[in-house]
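Subject: Structure for you to look at

Hello,

Here is the structure I said I would pass on. Please open it beside this email and follow along as you read.

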4 protein chains.
Amino acid sequence: MNESDSQVFHPESFRIDPSRPLYEQYVEQIRARIACRQLLPGTRLPSVRDFAAVMRINPTTAARTYQELERDHLLETFRGQGTYVTRDTAQIAAARKAIAQAAVRELHEVAESLGLSVRGLLELAEWEE
Amino acid sequence: MNESDSQVFHPESFRIDPSRPLYEQYVEQIRARIACRQLLPGTRLPSVRDFAAVMRINPTTAARTYQELERDHLLETFRGQGTYVTRDTAQIAAARKAIAQAAVRELHEVAESLGLSVRGLLELAEWEE
Amino acid sequence: MNESDSQVFHPESFRIDPSRPLYEQYVEQIRARIACRQLLPGTRLPSVRDFAAVMRINPTTAARTYQELERDHLLETFRGQGTYVTRDTAQIAAARKAIAQAAVRELHEVAESLGLSVRGLLELAEWEE
Amino acid sequence: MNESDSQVFHPESFRIDPSRPLYEQYVEQIRARIACRQLLPGTRLPSVRDFAAVMRINPTTAARTYQELERDHLLETFRGQGTYVTRDTAQIAAARKAIAQAAVRELHEVAESLGLSVRGLLELAEWEE
DNA sequence: GTGGTCTAGACCACA
DNA sequence: GTGGTCTAGACCACG
């Protein structure tokens with residue numbers, strides 16, 4: 001683990017709810033960092049073992065996290081060389097949009113279940129930007 | 001189970017994902033029906049046993065569903081008589097607002113994780129009412 | 001049911017929590033009224049049937065209420081004549097004291113479970129007369 | 001179950017009334033132990049299965065006990081790892097105060113029902129610290 | 001009849 | 001290993 005790696009992930013920078021699956025939360029938060037360009041294409045991630053050590057989680061949990069993100073084509077692993085954020089910016093843009101759409105679809109479903117429009121829901125929640 | 005009861009809940013009207021906790025989904029959907037006034041204050045719900053039979057779930061699971069909603073003060077239980085939608089409309093209004101706020105807070109967190117405002121997120125998702 | 005009877009019990013004057021046994025709550029509240037001299041010795045109570053009708057409860061619930069209070073010697077029933085508050089003021093005084101002692105014992109047990117004295121408990125609760 | 005776990009809970013140290021809900025009594029008594037600092041923040045509780053075995057109750061009942069306390073934010077559950085006393089001491093202090101206030105409120109209501117002040121009730125019960 | 005609780009035992013996802 | 005959920009079926013108190 002070199003210095004630049006250790007700068008990539010700090011344990012305090014992840015907000016973890018112990019009652020939800022850990023791997024799920026790490027996936028979500030790493031995905032968001034890639035989508036918001038906080039983690040740039042080509043960035044090298046810490047090894048699974050280092051990630052687990054830094055986060056103080058089980059290595060299998062760390063491995064599962066990376067696997068999920070690979071399946072999403074947001075991470076690329078080159079055997080023996082390490083894991084990197086994909087250089088395929090189209091994939092990243094697609095992920096970004098998918099996250100947004102999933103969030104909005106969810107909001108829309110909640111609104112519908114209350115018999116409201118999305119705008120109506122925002123008003124009821126007294127939301128203001 | 002009388003006719004009016006059987007009109008309250010149709011098994012087809014619940015959308016259940018078998019991979020998520022059943023009681024949780026029934027709670028959410030009954031809560032939404034109360035919050036959107038589809039289930040009016042004072043309405044009698046089917047008995048735990050009837051609900052279980054209609055939904056083809058275990059009575060224990062049905063009971064747990066009702067208990068969760070009673071804890072939320074959306075249902076009232078009259079010993080030996082049955083379970084009813086609360087007549088306390090303030091509780092219902094509070095639940096309605098809480099559902100909306102939870103949804104909006106969730107949206108806001110996703111937006112934040114992408115480095116966007118809520119408005120920006122809606123735009124990215126190409127949402128239009 | 002004559003006029004003076006109907007003045008004895010008003011449904012609104014009882015605070016009932018539907019999730020607790022009804023008979024238990026009526027027993028407690030009638031016992032307290034006798035103990036605090038709101039219901040005087042010799043007062044005639046409504047018949048079981050009238051009590052049930054006024055309170056809109058099941059007659060068996062009303063009967064059980066009266067039975068419990070008879071067992072405590074706070075009510076006396078003369079068959080065919082009705083039910084009366086006992087004229088034995090010693091019984092009433094004893095009940096009064098028993099209620100107080102039970103309440104204080106309960107408080108003491110809670111205090112003990114928190115590792116506090118009763119005085120300490122009152123302070124923690126920020127109680128002031 | 002290691003030795004330190006088995007020291008946490010002894011079956012004889014719980015006073016259980018079989019005529020009341022078991023889970024309720026375990027909840028009350030564990031809550032009190034947390035509130036009085038007998039169970040310290042971060043302490044690991046026995047596993048649900050061990051707790052059930054030691055107390056000779058069904059694992060379901062044991063699980064329900066832990067879940068109630070988790071809902072109260074007095075326990076935290078780490079998936080696949082176990083259940084721990086919350087490290088959030090504010091929650092513990094709040095629970096401690098809530099227990100005290102509930103007890104005092106109860107006392108106050110009894111006093112009121114007898115037409116007495118709390119001080120008057122304590123005198124009637126001949127309570128002395 | 002109602003809901004509430006408990007037991008027994010199974011299966012699952014997670015770490 | 002952990003806790004979470006579900007099923008099946010029993011018993012109880014209450015109204």
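Below are my notes on what was found in it.

Please keep in mind that this is a predicted model.

**Where chain D touches chain A**

Four residues of chain D are in contact with four residues of chain A. Putting these two chains together buries about 340 Å², and carbon and sulfur atoms give 62% of that area. On the chain D side, 82% of the buried area comes from Thr77(D), Phe78(D) and Arg79(D), more than from any other three residues. Sorted by class, the side of chain D that touches chain A has one nonpolar, one polar and two charged residues. Between chain D and chain A there are zero salt bridges. The count of residue pairs in polar contact between chain D and chain A is one.

**A hairpin in chain A**

Look next at strand β2 of chain A, residues 75-78, and strand β3 of chain A, residues 82-85. The two strands pair in the antiparallel sense, over four bridges. Thr77(A) has Thr83(A), in β3(A), standing opposite. Together β2(A) and β3(A) make a hairpin, with three residues between them. In the turn is Gly80(A), whose phi is positive, about 85 degrees.

**Salt bridges**

Side chains of opposite charge can pair when their charged atoms come close. Over all chains, the count comes to 22 salt bridges.

One of them joins two chains: the side chains of Arg71(B) and Glu68(D) meet in a salt bridge, at 3.5 Å from N to O. This pair joins two chains because Arg71(B) lies in helix α4 of chain B (residues 59-71), while Glu68(D) lies in helix α4 of chain D (residues 59-71). Are the two partners buried or exposed? Arg71(B) is partly exposed, with a relative accessible area of 35%. Glu68(D), at 17%, is buried, because buried means under 20% relative accessible area.

Other salt bridges stay inside one chain. In chain A, Glu68(A) forms a salt bridge with Arg64(A), and their closest N and O atoms are 4.0 Å apart. These residues are four apart in helix α4 of chain A (residues 59-71), so about one helical turn separates them. Glu68(A) counts as partly exposed, at 21% relative accessibility, and Arg64(A) counts as partly exposed too, at 39%.

In chain C, the side chains of Glu68(C) and Arg64(C) meet in a salt bridge of 3.9 Å, N to O. Both residues lie in helix α4 of chain C (residues 59-71), four residues apart, or about one turn of the helix. Arg64(C) has 40% relative accessibility and counts as partly exposed.

Chain A also has a network of salt bridges, which links Arg20(A), Glu24(A) and Glu28(A).

**A buried threonine**

The last item is Thr65(A), in helix α4 of chain A. How buried is Thr65(A), and what is its relative accessible area? The value is 0%, so Thr65(A) is buried. Which residues is Thr65(A) in contact with, leaving aside its neighbours within four places in sequence? They are Tyr23(A), Tyr26(A), Val27(A), Ile30(A) and Phe51(A). A polar atom of the Thr65(A) side chain also lies 2.9 Å from the backbone oxygen of Thr61(A).

Regards

Notes:
Residues are numbered from 1 along each chain as its sequence is written. Chains are lettered from A and ligands numbered from 1 in the order in which they are written. This is a predicted model: local features need pLDDT of at least 70, side-chain atom pairs count only at pLDDT 80 or more; totals for chains, interfaces and linings use all residues. Side-chain values use heavy atoms; hydrogens and water are left out. Contact means heavy atoms within 4.5 Å. Buried area is the accessible area (1.4 Å probe) that two parts lose on being put together, summed over both. A polar contact is a pair of N or O atoms within 3.5 Å; within protein, one must be able to donate a hydrogen and the other to accept it, and residues adjacent in sequence count only if both atoms are side-chain atoms. Ala, Val, Leu, Ile, Met, Phe, Trp, Tyr, Cys and Pro count as nonpolar, Asp, Glu, Lys and Arg as charged, and the others, Gly among them, as polar. Two strands pair if DSSP finds at least two bridges between them. Buried means under 20% relative accessible area, exposed over 50%, partly exposed in between (1.4 Å probe, protein chains only).
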